Amino acid sequence: MLYDIGVVGLGVMGANISKNMARNEFDVTTFDFYEDVRKNRILELKEEGVSVSSSLESFVKSLKKPRNILLLVKAGEVTDKTISQIAPLLEEGDTLIDGGNEQYENTQRRNGHLTALGINFIGMGVSGGEEGALNGPSLMPGGQKSAYDNVKDILEKISAKADDGKPCVTYIGNDGSGHYVKMIHNGIEYADMELISESYYFMKHGLRMSNKEMSEVFDEWNQGDLNSYLIEITARILEFKNEDGEYIIDLILDKAGQKGTGKWTGIEGLKLGIPLSIITDSVFSRCLSSLIDERAQINQAYDAEMGALPQEDKNEILEDLKNALYISKLMSYSQGFRLLKEASDIYEWNLQLGEISMIWRAGCIIRAHFLEEINRAYEKDPELDNLLLDDYFKSVVKKAHPSLRRIAIKAIENEIPVPGFLSALSYFDSMKQKRVSSNMIQAQRDYFGAHTYERIDKPGAFHTDWQQ
Ligand code: 6PG
């Protein structure tokens, strides 16, 4: 028998996505380089109708031509090694799909190398974790369009479906574009998580609310504009108790991990010169959280204590906090999509920004109803420079920015750290100025280094002899 598709890597993601394919009636075979991993998975996969090959050679031989092989192995060196072992067994027209969280430059490099050998290479962002892999992830494939067309049916069937039934997968563009889009998804995920965590922290310390009360507030927020997976799980986390009746959230060390995709997004913002302050501040917040001992010493050195807000204003403050969270989230998406637009132009990917927002409506970690508004914005104006110029964004931000301002002031006065909120507000306040403070920077550069400056009243490069 010849199989429709092969999956290499039998970690949880590989195993789950194989089962998902089999449940959608595709013939799937799998392989893992480690014999013990293959043995551990064999029974559970067999039950789902997924075959496990005992050698790489038999695995490759058992696939229908042109072959389609999905790799779900560790990004970086392991992926390179895996490709170098499989590629010699492939023929012209076969396709390798890398479903890892890979850096887009690696994907571009591999795409170039394999294309020269006549092998297609798709770098595919996969979001939704273990559960998504099994029941429907959001998929972001980039690479040769003809290779995508060969696997389109499989990808559409296994992907998550939005409320309107549309699959959460679309062809993204050439070479590394799929992994790039997944990287931005993760950067936005970092910012969403940071802003939600700051809201929790503000309620806990500023309003002295209990976990149960906060859980109810997040549940309520989840019914409105903020409706999203991350708000939903935050409500569940806050009410979760262990067998001793203790809230797990209160037992978790405040030290955030990170695997690098948020950092890569920040670096890309710096590389292309696009402001990405909310995402980068979210990455730095995770870095700061790791400096536990230093924080404890500084806490002592400064007798640090946060103030509490008046209880009688609680309902009004919570209303402001909800609005502040929503528009900070809008600012962060504006930054993320602005970077996507720039990357699309620079790397010539012709990214369809509206379609990208649509495939994030289900399956992925940042799934949220409001993403439809982003699609509407780009449908109205595919060349839109910044989402803050769209009518929906304009009406929300105009109404809600005083709330963000009030929350920022209360946080500052009471020494409650909310770097994400402050970053969102600074971005908004700076972006809405026709003139910012950089005329002074230009003057200083010219003063000490004769770097020249442009003028507001005539074209050209000017230098002043400042010492005269
Ligand atoms: C997803 C997630 C997934 C993973 C992140 C976590 O879209 O399914 O983003 O890719 O959970 O890699 O990243 P950090 O460990 O950096 O938080």
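Colleague: Which domains does the domain assignment of the protein chain give?

Modeller: This is a predicted model, in which local features need pLDDT of at least 70, side-chain atom pairs count only at pLDDT 80 or more, and totals for chains, interfaces and linings use all residues. Residues are numbered from 1 along each chain as its sequence is written. Domain bounds come from an automatic or database domain assignment. For the protein chain these are domain 1 (5-175), domain 2 (182-431) and domain 3 (439-468).

Colleague: How far apart do the C-alpha centres of domain 1 and domain 3 lie?

Modeller: Domain 1 covers 5-175 and domain 3 covers 439-468. Their C-alpha centres are separated by 55 Å.

Colleague: Between which domains does the ligand lie, and why?

Modeller: The shell around the ligand has 13 residues, with Ser-127, Asn-186, Gln-258, Lys-259 and Ile-365 coming nearest; a residue is near a molecule if its C-beta atom, placed from the backbone, lies within 6 Å of it. Elements giving two or more residues to this shell are α8 (177-206) and α11 (261-272). Because both domains give residues to the shell, the ligand lies between domain 1 and domain 2.

Colleague: How do the residues of the shell around the ligand divide into nonpolar, polar and charged?

Modeller: Ala, Val, Leu, Ile, Met, Phe, Trp, Tyr, Cys and Pro count as nonpolar, Asp, Glu, Lys and Arg as charged, and the others, Gly among them, as polar. On that basis the shell has two nonpolar, nine polar and two charged residues.

Colleague: At what angle do α8 and α11 pack?

Modeller: Helices are DSSP runs of H or I with at least four residues, strands are runs of E with at least two, and both are numbered from the N terminus. The contact (C-beta atoms, placed from the backbone, within 7 Å) includes Asn-186 and Tyr-190 of α8 and Trp-264 of α11. Axes are lines fitted to C-alpha atoms, for helices over the stretch in contact, and angles run from 0 to 180 degrees between N-to-C directions. The axes of α8 and α11 are 8 Å apart, and the angle is about 105 degrees.

Colleague: Which are the edge strands of the open sheet?

Modeller: Seven strands form the sheet in the order β3-β2-β1-β4-β5-β6-β7, with mixed pairing; two strands pair if DSSP finds at least two bridges between them. Strand β2 (residues 28-31) runs parallel to β3 and is joined to it by two bridges, and Thr-30 has Val-52 in β3 as its bridge partner. Pairing on one side only are the edge strands, β3 (51-52) and β7 (138-142).

Notes. Contact = placed C-beta atoms within 7 Å.
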